[in-house]
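Hi,

Here is the structure for your look, and my notes on helix packing and charged pairs follow below.

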Amino acid sequence: NRRTPDALQRAIRCFEEAIAQDPGYPLAHAGLADAYALLASIHVGAIAPKVGMPKAISAANRALQIDPLLAEAHASLGHARLWYEWNWPAAEQCFRRALELNPSYAPARQWYSAYLQTIDRIDDALDELRLALELDPLSLVIRAALQATLYLERQYGKVIDESKKTLELDETFVLTYFNLGRAYTQMKMHRQAISDLKKACELS
């Protein structure tokens, strides 16, 4: 959830230790899938997608072999289908299945929102993010996803408002400074944009 390379690498080590102790524990495999997918994501970029994403898909599939009804694993697989394979129908199927199995799993709603953005259903995407925030109001990652979606909708003032709320929870969260910087850029507030983007670089 910190979304930094070091944090994700530590998460991978922890999940691998859990799997070594209990190879049949499906949540550890699903967590491993998420960590590899995020490590290879555009916002982290610590490893190449062609390296990280196949590992993520393999770990998600292993989790589903152990427990076909594990919502987290369906969401993990959907995440990879969306961002790596660009297979929109398969991604949608995974997210819908995850939410059918566990409507309260906030990351599934966040990632389903990303899918909805991809097919230009922005209002539905925002609704999913707001539901995700109701489920997990302290999630910095979901708040950053909301900021990013508002940015794409050119609602720059709302991006800044939401970002400031997030910084009250954690003033070191890198994605918030990134979203602030690009919102200020669009508003032609370049000094503030430069300051926040420099902060994002320092924290990244």
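R81 has a relative accessible area of 17%, so it counts as buried, the cut-off being under 20%. Keep in mind that this is a predicted model. R81 forms a salt bridge with E85, with 3.0 Å between the closest N and O atoms. The two sit four residues apart in helix 4, so about one helical turn separates them. E85 is partly exposed, at 35% relative accessible area.

Now helix 4 itself. It covers residues 71-85, and its 15 residues should span 21 Å at 1.5 Å a residue. The end C-alpha atoms are 20 Å apart, which agrees. The helix is mostly covered, with 12 of 15 residues buried. Among them are H74, L77, H79 and L82. The cover includes helix 2 (26-39), helix 3 (49-66), helix 5 (88-101) and helix 6 (106-118). W86 follows helix 4 and has a positive phi, near 55°.

On to the other charged pairs. The whole structure holds six salt bridges. One of them joins R97 and E100, at 2.5 Å from N to O. Both residues lie in helix 5, three residues apart, about one turn. R97 is partly exposed at 26%, while E100 is exposed at 57%.

Another salt bridge pairs E128 with R109, the closest N and O atoms being 2.8 Å apart. This pair links distant parts of the chain: E128 is in helix 7 (residues 122-135) and R109 in helix 6, 19 residues apart. Are these two buried or exposed? E128 is buried, at 12% relative accessibility. R109 is buried too, with a relative accessible area of 14%.

Best regards

How values were computed. Residues numbered from 1 in each chain as written. Predicted model: local features only at pLDDT ≥ 70, side-chain atom pairs only at ≥ 80, totals over all residues. Heavy atoms only, no water. Expected span 1.5 Å × (residues − 1). Buried < 20%, exposed > 50% of the residue type's maximum accessible area, 1.4 Å probe, protein only. Contact = heavy atoms within 4.5 Å. Salt bridge = Lys/Arg side-chain N within 4 Å of Asp/Glu carboxyl O.
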